[in-house]
Structures are given as C-alpha cells and as structure tokens.
Amino acid sequence: MDRVIQKLSAPNVRVSFLNGAGVSVAAGIPDFRSAGGMYDTLRPELLTASPSERAQMASNPTAVVSTNIFYQNAFPYLEVRRPFILGIAEGKWKPTLTHHFAAMLHAKDMLQKVLTQNIDGLDYMTQTPGEKIVSVHGSLGRVECEACKHEMPIKQFCSLVRENIKDIYAQDSSAPADSTPILCAHCGEAQVKPATVLYGAQLPTAFQESIQTDVPKTDVLFICGTSLTVGPANWVPR
C-alpha cells in the first residue's frame, strides 16, 4: 500500500482502471455469472422462444444474449433483461466508491482511462467524462438497432419495454401477458436493444485502441472487481 501511495504522489502520474462485475456487485447489482445470477437462474421455458432456442439456452445460458438467438428472436434478451433495463433507467443503483474514486482522479488530472467490463453505465453517472471511459461490453446507457445502428431515446425505449415486454419474474403486475416486438423507427426491424455487445459479436474498436494507446501511458493500474479469468479484458495487465 505504501508503494501505491508513493506512486500516486509522484508528479504527472497517470492512473487507469480495469473494472469488473465486483464493482457493480458493491452497488447491489447481481453478478450475472455467479450463483443466483442471471445465467444460474435462467428458466428458458418462461421465455418467448422456439423449442430449439430454449434447448440452446438450457445447454448454454449465455445463448440468451447471443447473436445466434437475438438476430432471429429479440424476445429472450429483452425479457431476461427487462428488470435490469428499467432499473438502470430509474436510477435503482448508484455509483460506488470505486466509480467516485476514478472521478476524483480525473478532477486532479491524473486519470488516463477507465476500462469497464460492466454494462450498467454507472461510470457515466459520475463526473468522469465519457471520453475517459471505455465500455468493453457496451452499455445500457444507450439504445440502438442491431440491424441499422439507428439510435432510440432511452425514455422511449423504456416505455416500449414496459408496454411490450412481458415480465418473466412476476414483479410487475402492469406488464403485458405476452411480448410484442419493439420495432426500429428507421428500418422497421425488431432488433432494438441497449447498446451492449452480444456473445458472438466483436468488441468495440475503442477497447483495442485503448490497450495500444492508454495502457502504455499508465503508471498505476487499478484492477477492481475482476478475477481476470475472462478474455479479452484480461489482456490489459499483460
């Protein structure tokens, strides 16, 4: 710890963060991968899906947020993430000390970059500017069509999620009994979703660019809430 303090006290020091799910858990957001998380508790039989799609999700729960299923059927993604999408938009979860620490370092002109594997967008709810943040797996803070990339205002999207997408968790009595498509106003496709990276899709180019440009300029790298077992984010410290 003394060595870290000494480093942070040095003139012109540059600090970066690599944040994982543990940072969001501290805010009260469940870790998707852990026991009791979204993948562990997934019940494909409740989702609006074909028998073959349900079989895929039963065999591999991450299929619920994969390109293989979403491009054919957006309902499983939207139904399983309905409470998370609405909860983020309603401010159910707040930034943690880790998020505010990064913002403080920015205020002191010490922050190089925040690389976050989390999709909750909590980093953007502090005074850390968006250009200092790289969302490795995308963010719920923006909504776009996967087909044409046309954006939809978040408030409009959340209203449509409430009206069109059923609640498989039985938490919202006002939710519809059956899901109906959310169509893109630009291309008409039913592929509107938060701008998160689906399994099977490429990560944002900004991530690779940051590894090449920001990481070499970093004097202190804080690795927060991640065991570094999942690539390619675990490339960052190498």
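This is a predicted model: local features need pLDDT of at least 70, side-chain atom pairs count only at pLDDT 80 or more; totals for chains, interfaces and linings use all residues.

Colleague: How many aromatic pairs does the structure hold?

Modeller: A pair of aromatic rings is described by the distance of the centres and the angle of the planes. Counted in this way, with centres within 6.5 Å, the aromatic pairs in the structure number five.

Colleague: Are the rings of phenylalanine 70 and tyrosine 77 stacked or edge-to-face?

Modeller: The two ring centres are 5.6 Å apart, and the angle between the planes is 75°. Planes over 60 degrees apart count as edge-to-face. The pair of phenylalanine 70 and tyrosine 77 is therefore edge-to-face.

Colleague: Is phenylalanine 70 buried or exposed?

Modeller: A residue counts as buried under 20% relative accessible area. Phenylalanine 70 has a relative accessible area of 1%, and tyrosine 77 has a value of 1%. Phenylalanine 70 is therefore buried.

Colleague: Which residue has its charged end over the ring of phenylalanine 70?

Modeller: The charged end in question lies 6.0 Å from the centre of the ring of phenylalanine 70. The residue that supplies this charged end is lysine 193.

Colleague: How many residues are in the largest nonpolar core?

Modeller: Among the residues with the most contacts inside this core are Met57, Phe84, Phe157 and Val192. Helix H4 (67-70), helix H5 (75-80), helix H6 (82-89), E4 and H8 each contribute at least two residues to this core. A second, separate core has 13 residues, including Val15, Leu105, Leu111 and Ile133. The largest nonpolar core has 38 residues.

Colleague: With which residues is valine 192 in contact, leaving aside its neighbours within four places in sequence?

Modeller: Valine 192 is listed with those that have the most contacts inside the largest nonpolar core. Leaving aside neighbours within four places in sequence, the contacts of valine 192 are Phe70, Leu78, Val143, Glu144, Cys145, Met152, Phe157, Ile182, Leu183 and Cys184.

Colleague: Against which elements do the buried residues of H6 pack?

Modeller: Six of the eight residues of H6 are buried, which leaves this helix mostly covered. The buried residues are Arg82, Phe84, Ile85, Leu86, Gly87 and Ile88. They pack against H5, E4, H8 and E5.

Colleague: Which residue just after H6 takes a positive phi?

Modeller: The phi in question is about 75°. The residue just after H6 with this positive phi is glycine 91.

Colleague: Is lysine 149 exposed or partly exposed?

Modeller: Most residues other than glycine have a negative phi. Lysine 149 has a positive phi near 70° and is found in the loop between strand E4 (138-145) and helix H8 (154-164). Because its relative accessibility is 45%, lysine 149 counts as partly exposed.

Colleague: What is the relative accessible area of alanine 170?

Modeller: Alanine 170 also has a positive phi, near 55°, and lies in the loop between H8 and strand E5 (192-196). A residue counts as exposed over 50%. Alanine 170 is exposed, with a relative accessible area of 72%.

Colleague: Which helix gives the most to the lining of the largest cavity?

Modeller: The count comes to one cavity of 30 Å³ or more, and the space in the largest cavity is about 30 Å³. Its lining residues are Asn19, Thr98, His99, Ala102, Val114, Asp123, Thr126 and Thr128. With three residues, the helix that gives the most to this lining is H7.

Conventions. Residues are numbered from 1 along each chain as its sequence is written. Side-chain values use heavy atoms; hydrogens and water are left out. Helices (H or I, at least four residues) and strands (E, at least two) are DSSP runs, numbered from the N terminus. Buried means under 20% relative accessible area, exposed over 50%, partly exposed in between (1.4 Å probe, protein chains only). A nonpolar core is a set of buried Ala, Val, Leu, Ile, Met, Phe, Trp, Tyr and Cys residues joined through side-chain atoms within 4.5 Å. Contact means heavy atoms within 4.5 Å. Rings of Phe, Tyr and Trp (its six-membered ring) pair if their centres lie within 6.5 Å; planes under 30 degrees apart count as stacked, over 60 as edge-to-face and the rest as tilted. A charge sits over a ring if NZ of Lys or CZ of Arg is within 6 Å of the ring centre and within 35 degrees of the ring normal. On a 1 Å grid over the protein atoms alone, a cavity is a set of points where a 1.4 Å probe fits but cannot get out, and a pocket is an open set with protein on both sides within 12 Å along at least five of seven lines; lining residues have an atom within 4 Å of a point. Grid points are joined across faces, edges and corners, and a volume is the space filled by probe spheres set on the points.
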